[in-house]
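Dear colleague,

Please find the structure below. My notes on it follow.

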Amino acid sequence: MDASRLYKIRTDSIQTDLAAISSLCDGESILEVGAGAGRVLKVLAKLEQASVIIGVERDAALVDLARSDEAVRSDPRISVIHADFSGYLPPAPVSRVLFSFNVVCEFLDPRSRIEVLRHAARCLTGDGRVIVFAPLHDFEAFSERETEHRFSMEGPDGQSWTTTIRCRRDHFNQVSHCVVTYVRDVDGHAVESRYSNALITRNELLASYEAAGLVLINEHTSYDLGDGDSRECLIHILSKGAL
Ligand SMILES: C[S@@+](CC[C@H](N)C(=O)[O-])C[C@H]1O[C@@H](n2cnc3c(N)ncnc32)[C@H](O)[C@@H]1O
């Protein structure tokens, strides 16, 4: 059993952000940075106004999974590109560049975040938008060095798997290092994968946009884009600044 398939099942169940993504990706051409196994591409495929949808993903196994997803495979508007986004330019400028979920946090140091945002600006049409989703940290819990989250899910083999995500926060570097362990309940077979995420504050994001030549034109603090007080994420809509 490989970790990529288990990752796909684990992340496909995340749906809280999908309505916000659909309403913000209202452009003619959309590029998703770090498309993973295609969770978001499947949703973008439902948007009728988009004539070009590009997912860029650097992990080959995830690219294969995204390409084999029925909604992606059957849609001629979608291309899944196996590349590091920093070195990829779309064939023509796009109207939306999307960093969904916590993709911007995959760029662990400030310099690489500014670079990737600057590159996103390069991919845009004149009136295009960069859309960034980022987790909004609970500062009361920020001092916790270790976190653990455990849940059960049905694996690709139809069996039940206990999934545990353990994260250790490196406060000095503001990075969280996480180990995901999937254990098949029936025989204890275990599969492990790792990832690291930067713990970015809102102010740091705002400074990164400025350094990258992007201008914040709108901000939401919840997935539902309403004015409720659920503050589980930040959504930033950015345009290219004057050159
Ligand atoms: C947290 S996953 C998000 C996947 C998907 N966007 C979603 O919302 O479900 C982040 C993905 O970004 C990819 N990624 C990170 N840095 C990248 C880069 N420089 N170029 C392309 N993909 C990258 C990772 O391989 C990973 O699959």
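In helix α4 (residues 60-68), the buried residues are Leu62, Val63, Leu65 and Ala66. Buried means 20 or more other C-beta atoms within 10 Å of the residue's own, exposed means 12 or fewer, and partly exposed lies in between, with C-beta atoms placed from the backbone. Viewed down the axis of α4, these buried residues fall within an arc of 165°, so they line one face of the helix; the arc is that of the directions from the helix axis to the C-beta atoms. Their cover includes α1 (3-12), α3 (39-44), β2 (52-57), α5 (70-73) and β3 (78-82). Helices (H or I, at least four residues) and strands (E, at least two) are DSSP runs, numbered from the N terminus.

This is a predicted model: local features need pLDDT of at least 70, side-chain atom pairs count only at pLDDT 80 or more, and totals for chains, interfaces and linings use all residues. Residues are numbered from 1 along each chain as its sequence is written.

The domain assignment, automatic or from a database, gives domain 1 (3-137 + 201-240) and domain 2 (146-198). Their centres, taken over C-alpha atoms, are 23 Å apart. Eleven residues from domain 1 and twelve residues from domain 2 make the contact, which requires C-beta atoms, placed from the backbone, within 7 Å.

Asp109 sits in the loop between β4 (94-99) and α6 (110-122). Asp109 counts as exposed because it has 12 C-beta neighbours inside 10 Å. Between the C-alpha atoms of Asp109 and Gln174 there are 8.8 Å, although the two are 65 residues apart along the chain.

Regards

Terms used: Contact = placed C-beta atoms within 7 Å.
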